[in-house]
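Please examine the structure shown below before reading on.

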Amino acid sequence: MLGATGSVGRSTLAVVRRHPARFRVVAMSVHRSVGELERLAAEFGTRELAVAESSALNGRPDLQAAGWRSGPEGVVELTALPGVDVVVNAVVGAAGLPPTLAALQAGKRCALANKESLVAAGELVLEAAHRGGGELVPVDSEHSAILQCIGSARHEEIHRLILTASGGPFRETGAEALKTATASMALRHPTWEMGAKITIDSATLANKALEVIEAHFLYGLPYERIEVVVHPTSIVHSFVEFVDGSVLSQMGSPTMELPILHALTWPRRPPDPVLRGFDPVEISPLVFEPVDEERFPLFRLGVNAGRAGAAAPAVFNAANEVAVEAFLSGRVTFLGMSEVVAAVLEALEGRSACDLQEVLQVDRAARRRAAAEVERIGA
């Protein structure tokens, strides 16, 4: 369990608690929450532990003596342990790429909640899975829905994917009002409980652009056959349209625990005492709307970066991470985030990303340029 104390990590461990005979937590990592990792390790009997931020172990020689790993390399080491069958990667941001590659190269199932891995280095991730025999199973509710809808269908039978977006807290907010939107407003998501970064991405619809890129690599469809609609209640998680005109959707309450359980047990469906229960009358009516790309320019920027290919998706991802952090700390405005990302994409246009080293170099360059743009644009 990589990223054990984040929103996906907590949801995963909640699922594990309900299925003690089915799952055992062999290894866990956190970013820097040492005390929380100690508590979770005691609860689950987990001995293989890592803290991504090495400095968090300063002053704790007892933990170092007990074999706790530290730093990004310590997190990566967990993925190849012989007792591990499934790696749930819920690390936030581009830092999740090396563990994804390592897990797949080690032949593990990677239950992927870190969409940035595929966005920044989709080709490399697919190559790692092919080379190492690993299995990539999505945790995102939208991509889990697509996986469930496709079932045993062959690739040539799939015509189109339609991902749904809640529209976030600003779905009905006018363009003028978005100029003064605050972080506290953006963090009030109407249907999902998530971490701060992904919640802001949902407010800008950058998250949906990242998911379009992710779907392109997961399911091998060109971008012109991947669409997005706004669905405010987040009941329908995605649609798949087949070449015969049939359309299948996957529905469920907006909880991450369902796609997490599915990723852990796919293609089986074990019974769960909490996730059962669905009232069609209660969820009616189901509403769908087009995406307003003028009010949410980060969506368009992200999808266009995916279409451009090469290093553009990695640049978009890195610049967006810096812009979100700046918005949360009050250094740029809500609309200023898209200005930052657009400027970085223009400045780094044409970069290549053929191997991990190039991807990491592009990521660093995009972050440096984004930081400079934040200073230039300001709040």
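## The second largest cavity

Thr204, Arg295, Phe296, Pro297, Leu298, Phe334, Leu335 and Ser338 line the second largest cavity of this predicted model. A cavity is a set of points, on a 1 Å grid over the protein atoms alone, where a 1.4 Å probe fits but cannot get out, and lining residues have an atom within 4 Å of a point. The volume is about 50 Å³, taken as the space filled by probe spheres set on the points, with grid points joined across faces, edges and corners.

By class, this lining holds five nonpolar, two polar and one charged residues. Here Ala, Val, Leu, Ile, Met, Phe, Trp, Tyr, Cys and Pro count as nonpolar, Asp, Glu, Lys and Arg as charged, and the others, Gly among them, as polar.

## The largest cavity

The lining comprises four nonpolar, eight polar and no charged residues.

## Basis of the model

Residues are numbered from 1 along each chain as its sequence is written. In this predicted model, local features need pLDDT of at least 70, side-chain atom pairs count only at pLDDT 80 or more, and totals for chains, interfaces and linings use all residues, while side-chain values use heavy atoms, with hydrogens and water left out.

Technical notes
1 Å grid on protein atoms, 1.4 Å probe; cavity = no way out; pocket = protein on both sides within 12 Å on 5 of 7 lines; lining within 4 Å.
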